[in-house]
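This report covers a few selected residues and their surroundings. The sequence and structure come first.

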Amino acid sequence: MKRTKNWLLAGVLCAAAAGAHAQVNQIKVWAAACANCHGTDGRAQPGTIALAGQSKDDLLQKLLDFKNGKRPATVMHQLAKGYTDEQLAQIAGYFATQKK
(Lines give C-alpha, C1' and ligand atoms only; values in the text may rest on other atoms or scores of the structure.)
Protein backbone atom coordinates (compact mmCIF):
# COMPACT_ATOMS: atom_id res chain seq x y z
CA MET A 1 0.00 0.00 0.00
CA LYS A 2 2.84 2.38 0.85
CA ARG A 3 4.46 1.79 -2.56
CA THR A 4 1.17 2.62 -4.26
CA LYS A 5 0.96 5.90 -2.33
CA ASN A 6 4.54 6.74 -3.27
CA TRP A 7 3.79 6.11 -6.94
CA LEU A 8 0.65 8.19 -6.75
CA LEU A 9 2.56 11.01 -5.09
CA ALA A 10 5.27 10.79 -7.75
CA GLY A 11 2.61 10.92 -10.45
CA VAL A 12 0.99 14.00 -8.92
CA LEU A 13 4.37 15.74 -8.64
CA CYS A 14 5.21 14.93 -12.26
CA ALA A 15 1.85 16.26 -13.41
CA ALA A 16 2.38 19.47 -11.42
CA ALA A 17 5.83 19.91 -12.94
CA ALA A 18 4.44 19.36 -16.43
CA GLY A 19 1.74 21.94 -15.75
CA ALA A 20 4.31 24.48 -14.57
CA HIS A 21 6.44 23.82 -17.65
CA ALA A 22 3.41 24.32 -19.89
CA GLN A 23 2.70 27.65 -18.16
CA VAL A 24 6.28 28.82 -18.79
CA ASN A 25 5.95 27.83 -22.44
CA GLN A 26 2.66 29.75 -22.71
CA ILE A 27 4.30 32.89 -21.34
CA LYS A 28 7.07 32.53 -23.93
CA VAL A 29 4.43 32.27 -26.66
CA TRP A 30 2.77 35.47 -25.44
CA ALA A 31 6.16 37.22 -25.23
CA ALA A 32 7.08 36.08 -28.76
CA ALA A 33 4.32 38.34 -30.09
CA CYS A 34 6.47 41.28 -28.95
CA ALA A 35 9.53 40.20 -30.97
CA ASN A 36 8.59 42.02 -34.18
CA CYS A 37 9.01 45.41 -32.53
CA HIS A 38 11.01 44.72 -29.38
CA GLY A 39 13.37 41.97 -30.52
CA THR A 40 13.85 38.36 -29.51
CA ASP A 41 13.43 38.03 -25.74
CA GLY A 42 13.03 41.80 -25.55
CA ARG A 43 16.54 42.64 -26.78
CA ALA A 44 15.72 45.26 -29.38
CA GLN A 45 17.78 46.67 -32.19
CA PRO A 46 18.97 50.29 -31.92
CA GLY A 47 16.09 52.71 -32.34
CA THR A 48 13.54 50.39 -30.76
CA ILE A 49 12.59 50.11 -27.10
CA ALA A 50 14.22 47.12 -25.39
CA LEU A 51 12.13 45.28 -22.82
CA ALA A 52 14.75 42.86 -21.50
CA GLY A 53 15.91 43.62 -17.99
CA GLN A 54 13.41 46.38 -17.29
CA SER A 55 11.61 46.40 -13.96
CA LYS A 56 8.58 44.11 -13.88
CA ASP A 57 6.52 46.77 -12.10
CA ASP A 58 7.44 49.44 -14.65
CA LEU A 59 6.69 47.18 -17.59
CA LEU A 60 3.38 46.09 -16.12
CA GLN A 61 2.34 49.68 -15.43
CA LYS A 62 3.15 50.67 -19.02
CA LEU A 63 1.20 47.69 -20.37
CA LEU A 64 -1.79 48.48 -18.19
CA ASP A 65 -1.62 52.15 -19.22
CA PHE A 66 -1.67 51.08 -22.89
CA LYS A 67 -4.57 48.74 -22.21
CA ASN A 68 -6.58 51.42 -20.41
CA GLY A 69 -5.83 54.13 -22.98
CA LYS A 70 -3.80 56.23 -20.53
CA ARG A 71 -0.64 55.99 -22.63
CA PRO A 72 -0.58 57.05 -26.30
CA ALA A 73 0.29 54.36 -28.80
CA THR A 74 0.08 53.32 -32.41
CA VAL A 75 -0.66 49.62 -31.86
CA MET A 76 0.26 48.80 -28.26
CA HIS A 77 -3.12 49.82 -26.90
CA GLN A 78 -4.78 47.27 -29.19
CA LEU A 79 -2.29 44.53 -28.41
CA ALA A 80 -2.51 45.04 -24.64
CA LYS A 81 -6.30 44.75 -24.75
CA GLY A 82 -5.88 41.17 -25.97
CA TYR A 83 -4.48 40.03 -22.63
CA THR A 84 -5.83 39.83 -19.10
CA ASP A 85 -4.08 41.86 -16.41
CA GLU A 86 -2.61 38.62 -15.03
CA GLN A 87 -1.26 37.66 -18.45
CA LEU A 88 0.30 41.11 -18.80
CA ALA A 89 1.91 40.66 -15.37
CA GLN A 90 3.36 37.33 -16.49
CA ILE A 91 4.68 38.85 -19.72
CA ALA A 92 6.24 41.74 -17.77
CA GLY A 93 7.82 39.24 -15.39
CA TYR A 94 9.25 37.28 -18.31
CA PHE A 95 10.91 40.32 -19.85
CA ALA A 96 12.18 41.51 -16.46
CA THR A 97 14.15 38.26 -16.09
CA GLN A 98 15.79 38.49 -19.52
CA LYS A 99 19.35 39.78 -19.75
CA LYS A 100 19.86 43.06 -21.58
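## His-38 and helix H2

His-38 sits in helix H2, which covers residues 35–38. The model is a predicted one. The relative accessibility of His-38 is 14%, and because the cut-off for burial is under 20%, His-38 counts as buried.

Beyond its neighbours within four places in sequence, His-38 is in contact with Arg-43, Ala-44, Thr-48, Ile-49, Leu-51 and Met-76.

Asp-41 belongs to the loop between H2 and helix H3, the latter spanning 56–67. With a relative accessible area of 27%, Asp-41 is classed as partly exposed, because this class lies between the 20% and 50% limits.

The backbone of Asp-41 has a positive phi of about 55°, although Asp-41 is not a glycine. Most residues other than glycine have a negative phi.

## Leu-88 and helix H5

Leu-88 is part of helix H5, made up of residues 85–96. Is Leu-88 buried or exposed? Its relative accessible area is 2%; since burial means under 20%, Leu-88 is buried.

Not counting residues up to four places away in sequence, Leu-88 touches Leu-60, Leu-63, Leu-64, Lys-67, Ala-80 and Tyr-83. The C-alpha atoms of Leu-88 and Gln-61 are 9.4 Å apart in space, while the two residues are 27 residues apart in sequence.

Conventions
Residues are numbered from 1 along each chain as its sequence is written. This is a predicted model: local features need pLDDT of at least 70, side-chain atom pairs count only at pLDDT 80 or more; totals for chains, interfaces and linings use all residues. Side-chain values use heavy atoms; hydrogens and water are left out. Helices (H or I, at least four residues) and strands (E, at least two) are DSSP runs, numbered from the N terminus. Buried means under 20% relative accessible area, exposed over 50%, partly exposed in between (1.4 Å probe, protein chains only). Contact means heavy atoms within 4.5 Å.
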